[in-house]
Amino acid sequence: MQASLTPKITDTQLPQWQLQEAKNRFSAVVKAAASGPAQVVTVHGVPAAVVMSPEAYERLVAVAAPAQSLSQALRCPELDAADEALFERNRTVNPARELGL
């Protein structure tokens, strides 16, 4: 299995808010997200939600949209070599036999 190239929220330096503080200062969380980086809300120290600006959300959706499904990706003529590697065909005659199953 290939390791993800996307950093995890816990690996980033995004501002974090404990849930209770985020609830008490929600307008500050929203203002901070609207004018700066996304804000992470944690529950017991674990990221539970991310508050981000509409522009950041739209950029995220635009990047993710081309890879929504395999059928959509296969209809996409602008696949590059990296994308094609994701859909590489296993040319082994009997993969189970190759694995000793």
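In this predicted model, three strands form an open sheet in the order E1-E2-E3, and their pairing is mixed. Strand E1 (16–18) and strand E3 (46–51) each have a single partner strand and stand at the edges, so one side of each is left without a neighbour in the sheet. On average, and with direction ignored, neighbouring strands of this sheet are turned by 35° against each other. Strand E2 (residues 39–43) and E3 run antiparallel and are joined by five bridges. Along this pairing, Gln39 stands opposite Val51 in E3. The sheet also carries a helix: H2 (residues 26–35) packs on the sheet and touches E1, E2 and E3. The direction of helix H2 makes about 140° with that of E2.

Thr42 has its place in strand E2. With a relative accessibility of 5%, Thr42 falls under the 20% cut-off and therefore counts as buried. Once neighbours within four places in sequence are left aside, the contacts of Thr42 are Gln16, Trp17, Gln18, Leu19, Pro47 and Ala48.

Turning to charged groups, side chains of opposite charge can pair when their charged atoms come close. Here the count comes to one salt bridge. Glu21 forms a salt bridge with Arg25, and the closest N and O atoms are 3.6 Å apart. How accessible are the two partners, Glu21 and Arg25? Glu21 has a relative accessibility of 34% and so counts as partly exposed. Arg25, at 42% relative accessibility, likewise counts as partly exposed.

Finally, the segment before E1 contains Pro15. Its relative accessibility is 31%, so Pro15 counts as partly exposed. Which residues does Pro15 touch, not counting those up to four places away in sequence? They are Pro37, Ala38, Gln39 and Val40. For one of these, Ala38, the separation from Pro15 is 23 residues in sequence and 7.4 Å in space, C-alpha to C-alpha.

Definitions and conventions:
Residues numbered from 1 in each chain as written. Predicted model: local features only at pLDDT ≥ 70, side-chain atom pairs only at ≥ 80, totals over all residues. Heavy atoms only, no water. Pairing = 2+ DSSP bridges. Helix = DSSP H or I, 4+ residues; strand = E, 2+ residues; numbered from the N terminus. Axes fitted to C-alpha atoms, helices over the stretch in contact; angles between N-to-C directions. Contact = heavy atoms within 4.5 Å. Buried < 20%, exposed > 50% of the residue type's maximum accessible area, 1.4 Å probe, protein only. Salt bridge = Lys/Arg side-chain N within 4 Å of Asp/Glu carboxyl O.
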